[in-house]
Amino acid sequence: MNEGAAGSGQSGLGPRGSLVMSLTLSLLLGMLSLLVLFPAAEHLRSLRGGERADATLHTSGSCMIGQCRVEFEADGRTVVADLPTGSGGGKQSVGAAVTVRYQADDPQVVARDEDVGGGGAALFAWMSAGAALLFLMLSAVAAVFLVRQRRKAAAGAGVAG
């Protein structure tokens, strides 16, 4: 324990540390939501009007972070394409049948048909944004606590002096 925490009988971050931590978490979660997850969900939505094809899961992994590949026929040729970040279906095994949508002019741009509404990326974007707001509110509470604590200390110093 540090001296301030030992002397006051408190342990942990304290109100100033809580404020900084809450603001940092709020910023990081907000950036994750705005810069990664919402764009990934929008990319998935952009394929709503794409060409539809029956595909098989070529490589399985964590589809949510873009480690899955599918194989399908497009314009008479076999295409093996990466599923984008935010895709679902990671629990399926290699060879599983899936329906995909792809861009007619670039079959490498593909998404599972189930994900063209935004997929898991949309869900996680909203969850991350909600958590960012929660930590922002916690920051406001910590800031109010700090102000009250300073006023109380100043009033106590004025009475003692």
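Modeller: Side chains of opposite charge can pair when their charged atoms come close. Here the side chains of Arg 52 and Asp 113 form a salt bridge at 2.3 Å, N to O, the term meaning a side-chain nitrogen of Lys or Arg within 4 Å of a carboxyl oxygen of Asp or Glu. This pair links distant parts of the chain, with Arg 52 in strand β1 (residues 51-59) and Asp 113, 61 residues apart from it, in the loop between β5 (106-112) and α3; helices (H or I, at least four residues) and strands (E, at least two) are DSSP runs, numbered from the N terminus.

Colleague: What should I keep in mind about the model itself?

Modeller: The model is predicted, so local features need pLDDT of at least 70 and side-chain atom pairs count only at pLDDT 80 or more, while totals for chains, interfaces and linings use all residues. Residues are numbered from 1 along each chain as its sequence is written, and side-chain values use heavy atoms, with hydrogens and water left out.

Colleague: Is Asp 113 buried or exposed?

Modeller: Asp 113 is buried, with a relative accessible area of 18%, whereas Arg 52 is exposed at 51%; buried means under 20% relative accessible area, exposed over 50%, and partly exposed in between (1.4 Å probe, protein chains only).

Colleague: Which residues are linked with Arg 52 in a network of salt bridges?

Modeller: Arg 101 and Asp 113 are linked with Arg 52 in that network, and the structure holds 6 salt bridges.
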